[in-house]
Amino acid sequence: MENDYRKVQMIMQLRSRGIRDTRVLEAMERVPREIFLPEIFKDQAYADQALPIECGQTISQPFVVAYMSDQLKLTDRTKVLEVGTGCGYQTAVLSHLCRRVYTIERYRALLKEAEKRFEQLTLRNITTMAGDGMKGWPAQAPFERIIVTAAAQRLPTALLNQLDEGGMMVIPVELAAGRQELQRVTRTAEGFERESLLPVRFVPLVEGLAKEH
Ligand code: SAH
């Protein structure tokens with residue numbers, strides 16, 4: 001009950017911060033963020049902040065999830081690749097906005113928990129893989145949209161190659177001095193166009209499948 005009220009407030013706040021696409025707002029409303037959080041943070045589910053999860057990772061801030069979803073310009077025909085499933089919150093939002101989400105996570109333990117949540121929420125258009133998302137998903141390429149939810153030192157070549165012509169990738173990129181910005185990369189007939197969107201803070205994109213601890 002309490003969380004329902006907080007969720008309505010969160011949606012109103014997203015609108016006031018410039019998220020106007022009703023499909024995106026509806027998707028944000030449909031996903032119960034509390035189920036993606038460790039027990040001790042469940043009461044903070046609808047505060048607009050990133051929070052720690054298992055394996056030293058984080059759940060993204062609702063505004064950033066909504067903003068990235070918005071910037072991807074999705075339709076119910078779109079096929080999306082997501083790198084960095086984490087708890088699966090962004091994946092769940094995407095699943096309401098597109099045809100199919102392929103999502104890759106380097107921690108098997110996180111992926112297992114995320115899969116349980118997709119099952120619980122009966123989200124049937126998500127395909128998961130444990131692996132190094134920097135390599136993309138060659139068997140399913142090309143993708144019309146790619147979303148990376150961990151900060152890259154540079155744009156991963158494999159992901160650029162797996163982007164369809166006219167396709168877009170939204171990715172946080174490390175700048176100097178520990179700063180990061182969200183960028184949108186569009187593939188054109190001539191090459192790639194880069195736009196900078198927003199200063200952000202994400203955990204780093206790390207090569208290779210994680211060793212479990
Ligand atoms: N999308 C999540 C946030 C994920 S945090 C949400 O909605 O809350 C970033 C995730 O990216 C972490 O779980 C981290 O393990 C994962 N990650 C980092 N580098 C990766 C890589 N090379 N391949 C796949 N996953 C990666």
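These notebook entries record what I looked up in the structure.

**Basis.** I worked from a predicted model, in which local features need pLDDT of at least 70 and side-chain atom pairs count only at pLDDT 80 or more, while totals for chains, interfaces and linings use all residues. Residues are numbered from 1 along each chain as its sequence is written, and side-chain values use heavy atoms, with hydrogens and water left out.

A polar backbone atom of S60 is 2.8 Å from a ligand oxygen. For G133, a polar backbone atom is 2.8 Å from a ligand nitrogen. T149 uses a polar side-chain atom, which lies 3.1 Å from a nitrogen of the ligand. I then noted that the protein buries 100% of the 580 Å² that the ligand exposes when taken alone (Shrake-Rupley method, 1.4 Å probe).

Helices (H or I, at least four residues) and strands (E, at least two) are DSSP runs, numbered from the N terminus.

**Aromatic pairs.** I found four aromatic pairs in the structure; rings of Phe, Tyr and Trp (its six-membered ring) pair if their centres lie within 6.5 Å, and planes under 30 degrees apart count as stacked, over 60 as edge-to-face and the rest as tilted. The ring centres of Y102 and F143 are 5.9 Å apart with planes at 65°, so this pair is edge-to-face. Because Y102 lies in strand β4 and F143 in strand β6 (residues 143–148), the pair ties together parts 41 residues apart in sequence.

**Backbone.** Most residues other than glycine have a negative phi, and most peptide bonds are trans. I noted a cis peptide bond between A141 and P142, with omega about 0°. P142 is in the loop between β5 (126–130) and β6. K73, not a glycine, has a positive phi of about 45° and lies in the loop between α3 (62–71) and β3 (79–83).

Conventions:
A polar contact is a pair of N or O atoms within 3.5 Å; within protein, one must be able to donate a hydrogen and the other to accept it, and residues adjacent in sequence count only if both atoms are side-chain atoms.
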